[in-house]
Amino acid sequence: MRPEILAPVGSVEALNAALAAGCDAVYFGLPSFGARAFANNFDLETTKEVIERCHLCGVKVYITMNTILYEDEIEDAYNMAKMVHSFGVDALIIQDLGFIHLLHHRLPNLVLHASTQLSVSNPYQIEQLKKLGVQRVVLARECTKEEIQACVDTGIEVEVFVHGALCICYSGQCYFSSIHYGRSGNRGMCAQPCRMKYTLYEDGNKVDTHGEYVLSPKDLSLIDEVNTLADMGVCSLKIEGRMKSAPYVYESVLQVKKVLENMERNVEDKQNLRVTFNRKYTVGHMYRASGKELMNSKTCNHQGIEIGKVVKVNKNKICIQLSQDLHQNDGIRFERENLGCHVNFMYDKKQKLISFMPKNNTVLIEGPSGLHVGSIVRKTMDSELNKTIAEEIRTSNRQSKVNAIVTCGAVGKPMVMEVYLSLIHISEPTRHAQ
């Protein structure tokens with residue numbers, strides 16, 4: 001069976017993007033008890049509307065309540081879970097074992113998924129979670145291919161991350177942010193200390209780490225491996241990114257779907273995804289990546305795509321030799337200085353104001369001061385791609401196939417049409433039969 005494509009939706013814009021791109025399910029958090037406290041989480045009124053809208057499209061909705069809970073929060077969390085259960089949520093994603101136990105007994109019909117924060121990586125853990133009523137496990141991102149297969153073989157539903165950010169620590173077991181900054185990752189408030197600069201010493205001597213971001217992993221990307229995971233029996237392909245942009249959600253969902261439909265991603269596809277967000281890519285722990293294959297010690301932020309280099313600087317006027325097209329309103333960053341800007345004003349060789357310059361030409365732009373000749377220029381936001389995606393989303397009309405039965409008891413009696421969708425059944429009288 002084809003696995004579902006599970007999309008992150010941290011905003012209404014991301015939800016629209018996920019639906020337009022063809023996701024099968026979405027996940028998001030509530031104002032409380034979710035592991036992304038700083039995302040634009042939906043309130044309860046919006047959550048109800050989102051569930052209704054998604055179900056009309058045949059899309060499932062999973063809600064994250066995946067923080068560790070304090071005892072005085074249990075009843076509030078339960079009441080929130082009960083509320084979204086009444087809205088028809090398809091599952092809750094939970095970390096706290098006590099909360100899982102409580103929900104299974106108080107709301108036995110509520111489907112429960114074990115969060116990746118539980119760091120599940122072996123069949124023994126799964127057998128214990130089955131006893132608590134868990135229907136699906138979201139595996140730790142540190143699982144190897146062999147561990148994933150062993151977990152699938154238990155017979156439980158298995159969900160695997162296929163694209164997005166990685167942590168330096170085991171899923172759900174990092175206390176670095178909590179200890180150093182008083183912000184617990186297990187409470188949804190990670191300060192991301194692994195994305196900060198560090199200096200490594202050995203026996204008092206500084207070690208050359210070829211970069212200062214020694215704890216910062218590359219982003220996971222298993223998009224080209226999704227059919228391998230499907231053949232293994234993985235039921236859900238999860239994309240990370242509840243705090244990322246709508247173009248990122250759109251492109252990642254679209255490209256996972258493309259590969260699942262046995263189409264190859266071309267160079268343009270890969271470039272489009274990279275420009276929405278990337279810290280360079282790794283196949284991660286599934287294929288036992290390590291060292292430079294896993295880590296990006298050069299930088300911790302969005303890399304975009306390389307589009308040229310600086311060949312001349314005159315105060316805030318920068319001349320760039322382009323290897324890729326550049327449009328007005330694109331976002332760019334200068335790698336050496338780690339400075340960025342939007343391309344508001346750009347000029348050709350004759351100092352004429354322009355809005356587009358094709359690759360293999362030089363272009364003059366206004367930008368930040370302090371740049372150096374030779375600095376690599378990277379595009380971190382593609383304005384034309386964003387316009388194209390926005391138009392695709394605007395014109396999208398997500399529909400679902402339905403089955404309908406029309407009956408009429410006799411002449412003069414009203415006709416009744418029953419419409420069946422997998423998640424919805426509607427019975428409605430039509431006009432009188434003639």
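Helices (H or I, at least four residues) and strands (E, at least two) are DSSP runs, numbered from the N terminus. The model is predicted, so local features need pLDDT of at least 70 and side-chain atom pairs count only at pLDDT 80 or more, while totals for chains, interfaces and linings use all residues. Residues are numbered from 1 along each chain as its sequence is written, and side-chain values use heavy atoms, with hydrogens and water left out.

**View 1. Lysine 238 in strand 11 (residues 236-239).** Lysine 238 has a relative accessible area of 4% and is therefore buried (under 20% relative accessible area, 1.4 Å probe, protein chains only). Its contacts (heavy atoms within 4.5 Å), leaving aside neighbours within four places in sequence, are Leu6, Tyr27, Ile93, Val138, Glu159, Val160, Phe161, Val162 and His163.

**View 2. Packing of helix 9 (residues 246-260) with helix 10 (residues 267-276).** The axes, lines fitted to C-alpha atoms over the stretch in contact, with angles from 0 to 180 degrees between N-to-C directions, are 8 Å apart at an angle of about 150°. Helix 9 is therefore roughly antiparallel to helix 10 (angles over 145 degrees). Helix 9 contributes Pro247, Tyr248, Glu251, Ser252, Gln255 and Lys258 to the contact, and helix 10 contributes Asp269, Lys270, Asn272, Leu273 and Thr276.

**View 3. Methionine 65 in the largest nonpolar core.** This core (buried Ala, Val, Leu, Ile, Met, Phe, Trp, Tyr and Cys residues joined through side-chain atoms within 4.5 Å) has 113 residues, with Met65 and Leu103 making the most contacts inside it. Helix 9 supplies the largest share of the core, eight residues. Not counting residues up to four places away in sequence, methionine 65 touches Leu30, Phe33, Ala77, Met80, Ala81, Leu92, Ile93, Ile94, Gln95 and Phe99.

Technical notes: Buried means under 20% relative accessible area, exposed over 50%, partly exposed in between (1.4 Å probe, protein chains only). Angles under 35 degrees count as roughly parallel, over 145 as roughly antiparallel, 65 to 115 as roughly perpendicular and the rest as oblique.
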